Amino acid sequence: MLDAAFFRRWMTATTASVDREAERLTALDSPIGDADHGSNLQRGFTAVAAALEKEDPQTPGAVLILAGRQLISTVGGASGPLYGTLLRRTGKALGDAGEVSEAQFAEALRAGVDAVMTLGGAAPGDKTMIDALVPAVDALGDGFSASRAAAEEGALATTPLQARKGRASYLGERSIGHQDPGATSSALLIAGLVEAAGE
Ligand code: ADP
Ligand code: MG
Ligand code: MG
């Protein structure tokens with residue numbers, strides 16, 4: 001079973017990996033965006049970590065709802081509302097249980113990813129975070145490590161795609177040949193699950 005401490009470790013691990021990889025995420029956002037993805041997420045997850053420390057939420061759902069709210073209010077870019085919606089919707093789907101099973105979490109994350117697709121209008125193949133998140137959720141039944149591998153593969157597979165959503169879509173065919181920054185950060189988020197589980 002996964003408790004509130006697991007979800008806090010997930011957020012803390014993601015804050016650390018976003019810090020470590022911020023320059024790389026911003027570099028990926030340079031040729032096909034506005035070179036702010038790393039700094040956007042760094043600001044957002046720093047706020048997430050601070051809020052978790054201060055408010056000390058006691059259930060899995062409360063941890064993710066608080067984290068999502070912080071991302072929405074502190075990240076001034078497309079990725080803030082999208083990641084915020086992902087975590088908030090996932091948290092809502094977990095309800096107020098003190099512990100949830102991995103299967104319940106997989107179902108909740110599916111609801112979160114669906115909400116991101118509804119909000120942003122992106123489908124798989126549009127060269128966005130969805131290209132990492134959908135395979136990650138699909139593989140979650142096979143465990144966190146399988147989900148991480150699927151997300152990383154999905155992020156790499158965005159390189160040959162032409163962007164159809166977000167800033168990168170303004171470039172048309174010139175977006176081809178670059179890995180999507182949001183799919184890359186989504187792979188970091190999913191990798192955080194493996195760390196939180198201590199696998
Ligand atoms: P901005 O483009 O506003 O500067 P960021 O650089 O923080 O925001 O985030 C860019 C990332 O957000 C993209 O690489 C892409 O993965 C994701 N993204 C942008 N628009 C959408 C959308 N409509 N649906 C899903 N993901 C999106
Ligand atoms: Mg950007
Ligand atoms: Mg921006």
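Modeller: One term before we start: two residues are in contact if their C-beta atoms, placed from the backbone, lie within 7 Å. Also, this is a predicted model.

Colleague: Good. What does the buried side of helix 3 pack against?

Modeller: The buried residues of helix 3 pack against strand 1 (2-3), helix 1 (4-32), helix 2, helix 4 and strand 2 (99-100).

Colleague: Which residues of helix 3 are buried?

Modeller: They are Pro60, Gly61, Val63, Leu64, Ile65, Leu66, Ala67, Gly68, Gln70 and Leu71.

Colleague: How far apart are the end C-alpha atoms of helix 3?

Modeller: They are 22 Å apart. The 15 residues of helix 3 should span 21 Å at 1.5 Å a residue, so the two values agree.

Colleague: Let's zoom out. How many helices and strands are in the protein chain?

Modeller: There are 8 helices and 2 strands. From the N terminus on, the order is β-α-α-α-α-β-α-α-α-α.

Colleague: What does the C-alpha trace span along its principal axes?

Modeller: About 50 × 35 × 30 Å. Buried residues make up 53% of the 199 residues.

Colleague: And what share of the contacts with a separation of 6 or more comes from residues 24 or more positions apart?

Modeller: Those residues account for 62% of them.

Colleague: Now the largest nonpolar core. Which of its residues touch the most other members?

Modeller: Val63, Ala67, Ala132, Leu133, Ala136 and Ala187, out of 53 residues in that core. Helix 1, helix 2, helix 3, helix 4, helix 5 (102-120), helix 6 (130-139), helix 7 (144-156) and helix 8 each give two or more residues to this core. Helix 8 gives the most, with 8 residues.

Colleague: Take alanine 136. What is it in contact with, leaving aside neighbours within four places in sequence?

Modeller: Alanine 136 is in contact with Ser147, Ala150, Ala151, Gly154 and Ile190.

Colleague: Next, the ligand. How many residues surround ligand 1?

Modeller: There are 23, and the closest are Gly77, Ser79, Gly120, Gly166 and Gly182. The shell divides into 7 nonpolar, 10 polar and 6 charged residues.

Colleague: Which helices each supply at least two residues of that shell?

Modeller: Helix 2 (37-55), helix 4 (79-94) and helix 8 (181-197) do. Helix 8 gives the most to this shell too, with 3 residues.

Colleague: On to the loops. Where does alanine 78 lie?

Modeller: Alanine 78 lies in the loop between helix 3 (60-74) and helix 4. With 19 other C-beta atoms within 10 Å, alanine 78 is partly exposed, because buried takes 20 or more.

Colleague: Is aspartate 56 buried or exposed?

Modeller: Exposed, with 12 other C-beta atoms within 10 Å. Aspartate 56 sits in the loop between helix 2 and helix 3. Its phi is positive, about 50°, although aspartate 56 is not a glycine.

Colleague: And lysine 127, buried or exposed?

Modeller: Lysine 127 counts as buried, with 28 C-beta neighbours inside 10 Å. Its place is in the loop between helix 5 and helix 6. Lysine 127 also has a positive phi, near 65°.

Colleague: Last one. Where is aspartate 142?

Modeller: In the loop between helix 6 and helix 7. Aspartate 142 is exposed, with 12 other C-beta atoms within 10 Å. Aspartate 142 and threonine 90 are 19 Å apart, C-alpha to C-alpha, and 52 residues apart in sequence.

Terms used
Residues numbered from 1 in each chain as written. Chains lettered and ligands numbered in written order. Predicted model: local features only at pLDDT ≥ 70, side-chain atom pairs only at ≥ 80, totals over all residues. Near = placed C-beta within 6 Å. Helix = DSSP H or I, 4+ residues; strand = E, 2+ residues; numbered from the N terminus. Nonpolar A, V, L, I, M, F, W, Y, C, P; charged D, E, K, R; others polar. Expected span 1.5 Å × (residues − 1). Core = buried A, V, L, I, M, F, W, Y, C linked by C-beta atoms within 7 Å.
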